[in-house]
Amino acid sequence: MAAISRRTIGKALIATLVSTGISVLIAVSVVPVFGGTYDGIGMWLSFICPIVIAFPASSWQFHQSDMLRRARDELAALHLELDRLHSNLKVAHAALEQKARHDAMTGALTREAFLTDLNNASAAGRTGTLLLADADHFKRINDSYGHQTGDEALVAIAAAIAATTGVRDLWGRIGGEEFAIFLDGSELEEGRAVAEALRRRTEATEIRREKGRVPVTVSIGGVAVEGHFNIRQAIADADRRLYRAKRIGRNRVVLDEVLDEDVTAA
């Protein structure tokens, strides 16, 4: 049991004094009415009874009220702390979800996250242009300059994609050196313009080593898609055009129809 506070004792003393005063007042007023005299034992009882009864009773009552108030305050503080912890948990969960959905090195969506968002775009009936961009001669970059340089090249390509896409567009790293981009709401020619801007920005990448400037380019294939499009088919069509861009010399953009013999030759 918690100790009785000074504040509670003070309130009990005040209540006891008030009770004693009322008791004396009543005794002084009532005893003469019945022909008695306010003196002797009656006088002492009017003092002692309130002290004996009022002080313990009021102390207990005020103590209980004080404990309830403290309990309410502690409960309110716990609620505030719980709200704070819940808020921190939501922030941490959002951060973890953000981290899980994005490639740590490039900042692009992971393959799974991109395909999930692309599927949602299709289900929502959104139209646009789907692009596949693949780094040219990436193995040669790694072999000639080292994997750190290869990583820098991928980061540069990701930066170029981020700079040429809008806030409604989706883009992710779907393979080692391959990126996919969904240009939300764009028609084929708009998609071609964005793809060309991406190709030129990547080509202008400045990564230098002792051997000289590291050539960083991408080949891009793309296809226009309409609402409720088939994702597998769209990716397959864009991939065929990507192979066409590789076949005709790399550092190219191909968004036109690809003939079967082009794929066979590739």
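**Close-ups of a predicted model**

**View 1. A lysine meets a ring.** The charged end of lysine 211 sits over the ring of tyrosine 145, 5.7 Å from the ring's centre. For that label, NZ of Lys or CZ of Arg has to be within 6 Å of the ring centre and within 35 degrees of the ring normal. This is a predicted model, where local features need pLDDT of at least 70, side-chain atom pairs need 80 or more, and totals for chains, interfaces and linings use all residues. Residues are numbered from 1 along each chain as its sequence is written, and side-chain values use heavy atoms, leaving out hydrogens and water.

**View 2. The sheet, strand by strand.** Five strands form an open sheet in the order β2-β3-β1-β6-β7, with mixed pairing. Because β2 (170-173) and β7 stand at the edges with a single partner strand each, one side of each has no neighbour in the sheet. Strands here are DSSP runs of E, at least two residues long, and helices are runs of H or I, at least four, numbered from the N terminus; two strands pair if DSSP finds at least two bridges between them.

**View 3. β1 and its partners.** Strand β1 (residues 128-135) runs antiparallel to β6, joined by eight bridges; aspartate 134 has serine 219 as its bridge partner in β6. Seven bridges tie β1 to strand β3 (residues 178-184), also antiparallel, and leucine 131 stands opposite isoleucine 181 in β3.

**View 4. Around β6.** Seven of the eight residues in β6 (residues 218-225) are buried, meaning under 20% relative accessible area (1.4 Å probe, protein chains only). Two bridges join β6 to β7 (residues 253-254), and these two run parallel; isoleucine 220 pairs with valine 253 in β7.

Definitions and conventions. Buried < 20%, exposed > 50% of the residue type's maximum accessible area, 1.4 Å probe, protein only.
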